[in-house]
Amino acid sequence: TQRLAHRSRDILECLKLQISGRGVVQADETGWWMNGDGRYLHVFGVDDIVIFQVGDRSHNIALDVLGANFQGLVVCDGYVGYDIFQTARCNAHPIRRVRDLLESATCEQPTLQEIQILLRDGLALRDRREELTPTGYQRLVTMHKRQFADWIKANHEHANDSIGRLARHLGKYAEEFLRYLDNPKIPATNN
């Protein structure tokens, strides 16, 4: 394994150059144990290239794979290590978070159902892009973004701390969560 890793180093560097030249790269990371030490398995993917790299949870792995001059967009979850790049946030994460809050029954149901519907409506709107005129699509995107911002503003300081935290998180990254609506090349999730 060590000999293969050493011999394939040039191939890996070539793949890093290719992936860093792409406009949109999907990234994710998950816990990984290595000799009893907690590490992270980082994954960077495009249509025809996937790079796996084990390391710590700093932004250094992303810099190593994508390079400091990466000009594209990283589609990611909430990991702040990617904030050194322009990002689009994964919508599956807040949808799952809302679902979990609804199932816990400790939060105000109508408020959570409202954001759940908004998040899902954004995905449905994306899927209708081709059947709408560009002007009609853009009008619906503008309206959706306004409704999203209104929900965040109304719940930013919600009495239920879980809803308030959700609203503040969505507000902090609102542009990144909705970026997929403006560009069909940007996926709505990092899955």
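1. Let's start with the loop between β1 (24-34) and β2 (37-45), where N35 sits. In this predicted model, N35 has a positive phi of about 55°, even though it is not a glycine. N35 counts as exposed, with a relative accessibility of 78%.

2. Next, have a look at how α4 and α7 meet. The axes of helix α4 (residues 92-104) and helix α7 (residues 161-172) come within 12 Å and cross at roughly 170°. Because angles over 145 degrees count as roughly antiparallel, α4 is roughly antiparallel to α7. On the α4 side the contact is made by P94, R97, V98 and L101, and α7 contributes S162, R165, L166, H169 and L170. Sorted by class, this contact has five nonpolar, two polar and two charged residues.

3. R165, one of the α7 residues in that contact, also forms a salt bridge with D161, with the closest N and O atoms 2.2 Å apart. Both residues lie in helix α7, four residues apart, or about one turn of the helix. R165 is partly exposed at 40% relative accessible area, and D161 is partly exposed at 44%.

4. The whole structure holds 13 salt bridges, and those that share partners join E13, K16 and D64 into one network. E13 and K16 are three residues apart in helix α2 (residues 9-20), so about one helical turn separates them. K16 also forms a salt bridge with D64, the closest N and O atoms being 2.8 Å apart. Since D64 lies in helix α3 (residues 60-66) and K16 in helix α2, this pair ties together parts that are 48 residues apart in sequence.

5. What about accessibility in this trio? K16 counts as buried, at 6% relative accessibility. E13 is partly exposed at 38%, and D64 is partly exposed at 39%.

6. Finally, please look at R179, in the segment after α8 (174-178). R179 is buried, with a relative accessible area of 12%. A polar atom of the R179 side chain lies 2.3 Å from the backbone oxygen of T87, and the R179 side chain makes a polar contact with the side chain of E175 at 2.7 Å. Setting aside neighbours within four places in sequence, R179 is in contact with L73, Q86, T87, A88 and I186.

Definitions and conventions
Residues are numbered from 1 along each chain as its sequence is written. This is a predicted model: local features need pLDDT of at least 70, side-chain atom pairs count only at pLDDT 80 or more; totals for chains, interfaces and linings use all residues. Side-chain values use heavy atoms; hydrogens and water are left out. Helices (H or I, at least four residues) and strands (E, at least two) are DSSP runs, numbered from the N terminus. Buried means under 20% relative accessible area, exposed over 50%, partly exposed in between (1.4 Å probe, protein chains only). A polar contact is a pair of N or O atoms within 3.5 Å; within protein, one must be able to donate a hydrogen and the other to accept it, and residues adjacent in sequence count only if both atoms are side-chain atoms. Contact means heavy atoms within 4.5 Å. Axes are lines fitted to C-alpha atoms, for helices over the stretch in contact, and angles run from 0 to 180 degrees between N-to-C directions. Angles under 35 degrees count as roughly parallel, over 145 as roughly antiparallel, 65 to 115 as roughly perpendicular and the rest as oblique. Ala, Val, Leu, Ile, Met, Phe, Trp, Tyr, Cys and Pro count as nonpolar, Asp, Glu, Lys and Arg as charged, and the others, Gly among them, as polar. A salt bridge is a side-chain nitrogen of Lys or Arg within 4 Å of a carboxyl oxygen of Asp or Glu.
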